[in-house]
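Reader: Could we go through the charged side chains here and how they pair up? I'd like to take it slowly.

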Amino acid sequence: MESVFGAQNWVIEQGDDLAYPEGAASGKGRIALRNNTSQTQRFVTRLITPAMDLSKLTAQPMLVFSHAQQQRLGDVDVLRIYYRTAPNGRWVQLAEYNQKIVKWQADTILLDAYNTKTYQIAFEGTDQFGS
């Protein structure tokens with residue numbers, strides 16, 4: 001994890017009906033970025049994958065994931081997806097989701113610049129007091 005602004009971590013949760021969104025996209029677990037503190041909104045935190053060796057792939061890889069974004073007090077949290085090709089390299093944005101998504105939504109992103117042994121993906125959440 002990497003805090004860009006503020007100090008709020010992603011959390012591992014059971015996919016039950018007690019917190020938004022209901023359940024899990026598949027299986028029983030999920031990862032969420034929640035503001036359960038008195039910290040002001042707009043903190044930004046990245047959940048980063050370990051480095052992956054994609055150098056021998058013969059077809060363009062894709063990222064498939066599910067997400068949901070609640071609207072609260074007129075604001076919606078923002079999810080951005082980034083990649084980098086070196087451990088200390090510059091993050092490049094692949095996608096941004098800034099609209100209310102009530103139920104789990106599956107998305108697919110084709111990965112760019114994947115001919116490397118140190119490819120990483122970051123899920124960056126910006127808190128706007130959604131869940």
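Reader: Is E96 buried, partly exposed or exposed?
Author: In this predicted model, E96 counts as partly exposed, because its relative accessible area is 36%, which falls between the 20% limit for buried and the 50% limit for exposed.

Reader: OK, and which residue does E96 form a salt bridge with?
Author: The partner of E96 is R80, and the closest N and O atoms of that salt bridge are 3.1 Å apart. The two residues belong to distant parts of the chain, with E96 in strand β9 (residues 92–97) and R80 in strand β8 (residues 78–84), 16 residues apart.

Reader: What about E124, how far apart are the closest N and O atoms in its salt bridge with R80?
Author: For E124 and R80 that distance is 3.5 Å.

Reader: Switching to R46, which side chain does it meet in a salt bridge?
Author: R46 meets the side chain of E124, with an N to O distance of 2.8 Å. Here the link runs between strand β4 (residues 44–48), which holds R46, and strand β11 (residues 120–126), which holds E124, and the two residues are 78 residues apart. R46 is buried, as is E124.

How values were computed:
Residues numbered from 1 in each chain as written. Predicted model: local features only at pLDDT ≥ 70, side-chain atom pairs only at ≥ 80, totals over all residues. Heavy atoms only, no water. Salt bridge = Lys/Arg side-chain N within 4 Å of Asp/Glu carboxyl O. Helix = DSSP H or I, 4+ residues; strand = E, 2+ residues; numbered from the N terminus. Buried < 20%, exposed > 50% of the residue type's maximum accessible area, 1.4 Å probe, protein only.
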